[in-house]
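Subject: Structure handover and notes

Hello,

Here is the structure, with the sequence. My notes follow below it.

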Amino acid sequence: MIRLLSWNVNGLRSVLGKDFMVKLKAERPDVLCLQETRVREEQLPKGFLEELAELGYSFHLNPAERPGYSGTATLCLTPPMEIHSGFAALDAALAEWDNEGRVTVSRHALGKSSFLLFNIYFPNGTSGEERLHYKMNFYEAFQRLVEDLVTRGESVVVCGDLNTSHREIDLARPAANRKNSGFLPEECAWIDRFLSGTHTTGMIDSFRHLHPDAADRYSWWSNRGGARAKNVGWRLDYFFASRDLEPRLQKADILDQITGSDHCPVELVLK
């Protein structure tokens, strides 16, 4: 069994000041994927890496070229079989997407086999038409890569902040947000395509697969207007799995009791 957590921390240095290490010790996942770390290694607080090592975690940080922006990090109790920053290690043609530190890829053992884990902070499209176009192109490029990997026989898990809610059940106020990035028809349609794929390359939304009718379960809340206390949120954070992993899906959950960011962690357990 392997337990995976994914969390957009909205600034690693910020969440470290909000009992991050206490929460890590309490949860102790096998793998923790962080998004929007917004830090370079030389900016990490003194002693942080040493404390992680004492807990048994390796730490792989992929910062953006732009300071204080984006970034991902993957923490592992068991050293991964391989780990890379960006798409380029898998497909050199995708190197153009790697300057924002949005992707960390690792391989993990699962019984006698293994799977590739994509830890991704997907782009946000709320700042204008140009950025929405970037987001949609990122989605499409990523889907082509995943479909190629699955076609070649790879097992794939994808986690992170997708920056889109899929269906009306996935956000508190769907009608009010249909014209806003994060719930635009074209964004939701991409998730449909990613899940459907071909008969062999489609993906599974693990939480919705195991909890098809679960309503009012969100992973992000605005910092305005007491949204979290009122549970006026969005499900933006996901674990997707390739279809060959369906028999191994043991648990998927949203850990909304964990605070420290405007997002909460999401969980996947594979047997």
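Which helix and strands each supply at least two residues of the lining of the second largest cavity? They are helix H7 (206–210), strand E12 (237–242), strand E13 (249–254) and strand E14 (266–270). Helices (H or I, at least four residues) and strands (E, at least two) are DSSP runs, numbered from the N terminus.

Before the rest, some ground rules. This is a predicted model, in which local features need pLDDT of at least 70 and side-chain atom pairs count only at pLDDT 80 or more, while totals for chains, interfaces and linings use all residues. Residues are numbered from 1 along each chain as its sequence is written, and side-chain values use heavy atoms, with hydrogens and water left out.

Cavities and pocket

Rolling a probe the size of a water molecule over the atoms shows where empty space is left. On a 1 Å grid over the protein atoms alone, a cavity is a set of points where a 1.4 Å probe fits but cannot get out; a pocket is an open set with protein on both sides within 12 Å along at least five of seven lines; lining residues have an atom within 4 Å of a point. Grid points are joined across faces, edges and corners, and a volume is the space filled by probe spheres set on the points.

Searching the whole structure gives three cavities of 30 Å³ or more. The second largest cavity holds about 50 Å³. Its lining is made up of Ser206, Phe207, Arg235, Asp237, Tyr238, Phe239, Ala252, Asp253, Ile254, Val266 and Glu267. By class, that lining has six nonpolar, one polar and four charged residues. Here Ala, Val, Leu, Ile, Met, Phe, Trp, Tyr, Cys and Pro count as nonpolar, Asp, Glu, Lys and Arg as charged, and the others, Gly among them, as polar.

The largest cavity has a volume of about 70 Å³. The residues lining the largest cavity include Leu5, Trp7, Ile258 and Pro265. Helix H2 gives the largest share of this lining, four residues, and strand E1 (2–8) also supplies at least two. Seven residues of the lining are nonpolar, none polar and two charged.

The largest pocket contains about 530 Å³ of space. Of its 27 lining residues, Tyr121, Asn124, Thr126, Asn163 and Trp220 lie nearest the centre. The pocket lining comprises six nonpolar, 13 polar and eight charged residues.

Two buried loop residues

Ser181 sits in the loop between helix H5 (174–177) and helix H6 (185–196). Is Ser181 buried or exposed? It is buried, as its relative accessible area is 15%; buried means under 20% relative accessible area, exposed over 50%, partly exposed in between (1.4 Å probe, protein chains only). The Ser181 side chain makes a polar contact of 2.7 Å with that of Glu187, and reaches the backbone oxygen of Gly125 at 3.5 Å. A polar contact is a pair of N or O atoms within 3.5 Å; within protein, one must be able to donate a hydrogen and the other to accept it, and residues adjacent in sequence count only if both atoms are side-chain atoms.

Thr164 is in the loop between strand E8 (156–161) and H5. Thr164 is buried, with a relative accessible area of 0%. Its side chain has a polar contact of 2.8 Å with the side chain of Tyr139. The C-alpha atoms of Thr164 and Trp190 are 9.8 Å apart, although 26 residues separate them along the chain.

Helix H3

In H3 (residues 48–55), the residues Phe48, Leu52 and Leu55 are buried. They are on the same side of H3, because they cover an arc of only 60° around the axis; the arc is that of the directions from the helix axis to the C-beta atoms. The face turned away from the buried side carries the exposed residues Glu50, Ala53 and Glu54.

Positive phi elsewhere

Most residues other than glycine have a negative phi. Arg38 has a positive phi near 55° and is in the loop between strand E2 (31–35) and H3. Asp216 has a positive phi near 60° and is in the loop between H7 and strand E10 (220–221). Asp216 is partly exposed, at a relative accessible area of 48%.

Regards
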